[in-house]
Structure formats: C-alpha cells, structure tokens
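Please study the sequence and the three-dimensional structure shown below.

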Amino acid sequence: MTETVLLVGGGGREHAIARALADDCDLYACASNRNPGIASLAAGFESLDETASEDIVAYAEDVGATLAIVGPESALAAGVADALDDAGVYTFGPQAEQARIETDKAFQRQFMDDNDVPGNPDFETFDDTEAACDYIDAYDGDLAVKPAGLTGGKGVKVIGDQVDKEGAKEYLREEQYDRIVLEERLVGEEFTVQAFVANGDLVTTPAVQDHKRAYEGDEGPNTGGMGSYSDTTFELPFMTEEDYADAVSVLEAVVDALDGYKGILYGQFMLTSEGPKVIEFNARFGDPEAMNTLPVLETPFLDVLVAAREGAQIPELAFAEQATVCKYAVPEGYPTDPDAGAKIEVDEESAGDALLFYASVDERDDGLYTTTSRSFAVVGVADSISEAEEKAESALEAAGDGFHIRHDIGKRELVQQRINHMNELRE
C-alpha cells in the first residue's frame, strides 16, 4: 500500500522533510506560507495556519492521509498532533503534553530534576520579575536568562556574553514575561543530537553544530539559526566518542521518563570541561539541523514513520559518511530590523552541487522575494567539512543582493577555533 503522508509546516526544516519523503509516498502539505520547494514535491499544498487543528484534520481526512508529521513547535504546542491522532491519523510528533519538554522551559528543568536526567545545570524558576532580578543580584556567577515559553530561539540573554547583570534585569522588566528560568551559564561548545523516538525506542543521528548569533565570529543577537555543520562521523571535530555517548545517555533518560513520547527529540548540549550539559530540548527537528541530517540519511525516512505507527522497532539508520555545511541567506537587518523585498536569484539549477532549501519567501508573478524571516538555505555535502563549505559558498554566489549570510560557518579557521577552545577547557 502506498502511504499518504501529510506534512505540517512550510519552513526550511519542512522542505528537508519533504525531500526525504516525497519519492516514497504520496505527499501532501499545509502551512501558513506557501513554500515553493515543498509545493513542487507535494501532490497538494493547502494554505492553513499551522496551529489550526480542526482545519488540518479536515485536510488530512480530505486527502486520505495515513500518516502525518508535524514540523514546527507552534503546531505541537497547539495540540495538532493530538487532534490528528484522535482522528486516526498517526502523527510522528509528540502530543502537547509531551511537547512541554520544549514548550515549557520551567517544566523542562523540573522534569530533568525530578527524573534524575543527567546534564541539568543549576536553575531556578520565577513567576515574579522582581524576584528574578533579586536572584540575579545575589547569584555568584553568570546566568542564562530565559522566558519559560517559546521565543523562536531569540529570547535567551546570557550574562557575561550578551548583557551584564543590569542589562539582564532591564530586559526582564521590559518584557514582563509570565514565567522566567534562570540557569547557570554554561561555558564550552554547543552541539545538537537529534533522535527518532517511538514505542519507547530511540535511534540517534550525527551531531550538528548550529550558529545562533547573527554575525561572523559569533557576534550579534541570537537568531533562529544562521547555519550549521556536521562531520563524516557521528561526532564533531571537537568531540570524542565518549562525549557523543554521554549525550545519547541523556536522551535515553528522557525517553525512559517521558511516557508516550513519539517523534523527534532534539537535545541541544554544551560540551563543558565536565562533559555535556543540557541547554534545552526541542520536540521536533532543528532548523537548520534537519538540513544537515536528512540529506545524509540513507534509510528511507518513511520506514521510520511506518515502524513507529505499527508499534515496531525503529529501523537501524544508515548515514552516508559525508560532512554537511548549511548556510542561511536572511534579509538584511535580520533579526532585529529585517528589510523584506529582495529578489531571490538562486534556484536549484544555479545552486550547482549544493542542495537548496526554501524557508520564508514571497512568491510573486516574476519570482521569489524575501520576507522578514530567514529566506533560504544552501547545503554542501562532501567528504570533508571544508569541501562541503566550498560547495555551499559556491551556491551562494548566485544568491543576489539584499541578503545577509554568515560566511564563516564551516570555514576551516572557525572549526579549528572550536577544537582549540575545547582543548583549553579540557586542560
């Protein structure tokens, strides 16, 4: 039987999911923005808000969906997976209660504490801004300041890096978040491990390093992610096999304690001198990390979804022993004051040897234009990080004007800085 799969979401992450599924099923998609890359791969594309559960269920029933996968965290928080599951469409994505591991950072930390999940930093949670400010004053050291809810990767302020203590308190007083999480500042190198989870089982994927800061040299405000890279092995160049195994142990502890979880479990870690510590969990693929992981997945992704639905063990995953480098092109001024309306000149043909993934674009009669969000990503895949980076850079030559790009992602010099940093910390 041919499976009919509904994909919810219209970003670069979902374009990568669509590319991984389209050859093996009848694919349909729905999202608030029409992603031309997804639309070209899908048998149908419906313009729907990603949080509109009833409308999404109606579309799933209309196309005869036998499986669904939810891309964005906003849809998971809104209970889209719950609604689809209740309608009899098995959804590879956690229901809203399990998705709290991402959508509620206060719950996340307390869950780790209650269940002895390793890698939990010192933390406190607050529902009173002034109490949080008093804690900042009294704390002997630097803190990461986080709103408890979803902020698209842009809500965290780190004392001693982005702000000082006074700046952190000013930030909290300006924003007036309902709940706040304060955590010890972790020093090291960030990395991500994503796992496919179903029926109490999990299988992990190669580690990826994302680059959140807007400008080269890790300067500027946080973004949704400017790009990322992976190596030919499951570890990154600054990691050991033991570091990777320790991160996997954390994910296994979460799955053991979080009953009924299914979908992607994304662990973002800081590799410190004491080993991996948890920055956060996400309940879905990372964006951009999906664009590093899925292009080198040799096992049909559909097989994972079918096994999950059937209550079977997730198949052992095979990955090509190749490195990937992903670089996002974003509108000038992103993320603080983005300037929309630049024409996107690059297409799959002009991207050459790189893969092209569309994210948020405005499709007009005469072509594609930028919105105020990330526009598109290119991914180089090769036998080394350096070669993959060169492929990505070559594709970006056709991007056109009006874009900001972090050209340093995947460069030999920046990767070596990561290695040197960890060597210093370990010493």
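The structure is a predicted model, in which local features need pLDDT of at least 70 and side-chain atom pairs count only at pLDDT 80 or more, while totals for chains, interfaces and linings use all residues. Residues are numbered from 1 along each chain as its sequence is written, and side-chain values use heavy atoms, with hydrogens and water left out.

**Exercise 1. Domains**

Task: State the domain assignment of the chain and the separation of the centres of domain 1 and domain 2.

Solution. Step 1: domain bounds come from an automatic or database domain assignment. Step 2: that assignment gives domain 1 as 4-93, domain 2 as 122-184 and domain 3 as 186-426. Step 3: taken over C-alpha atoms, the centres of domain 1 and domain 2 are separated by 35 Å.

**Exercise 2. Two helix pairs**

Task: Describe how helix 6 packs with helix 7, and how helix 8 packs with helix 9.

Solution. Step 1: helices (H or I, at least four residues) and strands (E, at least two) are DSSP runs, numbered from the N terminus. Axes are lines fitted to C-alpha atoms, for helices over the stretch in contact, and angles run from 0 to 180 degrees between N-to-C directions. Angles under 35 degrees count as roughly parallel, over 145 as roughly antiparallel, 65 to 115 as roughly perpendicular and the rest as oblique.

Step 1: helix 6 (residues 96-103) and helix 7 (residues 105-114) have axes 6 Å apart and pack at an angle of about 95 degrees. Helix 6 is therefore roughly perpendicular to helix 7. Contact means heavy atoms within 4.5 Å; here R100, I101, E102 and T103 of helix 6 meet K105, F107, Q108 and F111 of helix 7. The residues of this contact divide into 3 nonpolar, 2 polar and 3 charged. In this division, Ala, Val, Leu, Ile, Met, Phe, Trp, Tyr, Cys and Pro count as nonpolar, Asp, Glu, Lys and Arg as charged, and the others, Gly among them, as polar.

Step 2: the axes of helix 8 (residues 129-138) and helix 9 cross at roughly 170 degrees and come within 10 Å. Helix 8 is therefore roughly antiparallel to helix 9. In helix 8, T129, E130, A132, C133, I136 and D137 meet K165, E166, A168, K169, L172 and R173 in helix 9. The contact residues of this pair divide into 5 nonpolar, 1 polar and 6 charged.

**Exercise 3. Burial in a helix and a strand**

Task: How many residues of helix 1 are buried, and how many of strand 17?

Solution. Step 1: in helix 1 (residues 12-21), 8 of the 10 residues are buried, so this helix is largely enclosed by the rest of the structure. The buried residues include G12, H15 and L21.

Step 1: in strand 17 (residues 275-282), 8 of its 8 residues are buried. A hairpin of 2 residues joins strand 16 to strand 17. These strands pair in the antiparallel sense over 7 bridges, and Q268 stands opposite E280 in strand 17.

**Exercise 4. Backbone geometry**

Task: Which peptide bond is cis at P335, and where are Q176 and D218 found?

Solution. Step 1: the peptide bond from Y334 to P335 is cis, with omega near 5 degrees. P335 lies in the loop between strand 18 (323-331) and strand 19 (343-344).

Step 1: Q176 is not a glycine, although its phi is positive, at about 55 degrees. Q176 is in the loop between helix 9 (165-175) and strand 9 (180-184), and is partly exposed at 48% relative accessibility.

Step 2: D218, also a residue other than glycine, has a positive phi near 60 degrees. D218 is in the loop between strand 13 (213-215) and strand 14 (219-222), and is partly exposed with a relative accessible area of 26%.

Definitions and conventions:
Buried < 20%, exposed > 50% of the residue type's maximum accessible area, 1.4 Å probe, protein only. Pairing = 2+ DSSP bridges.
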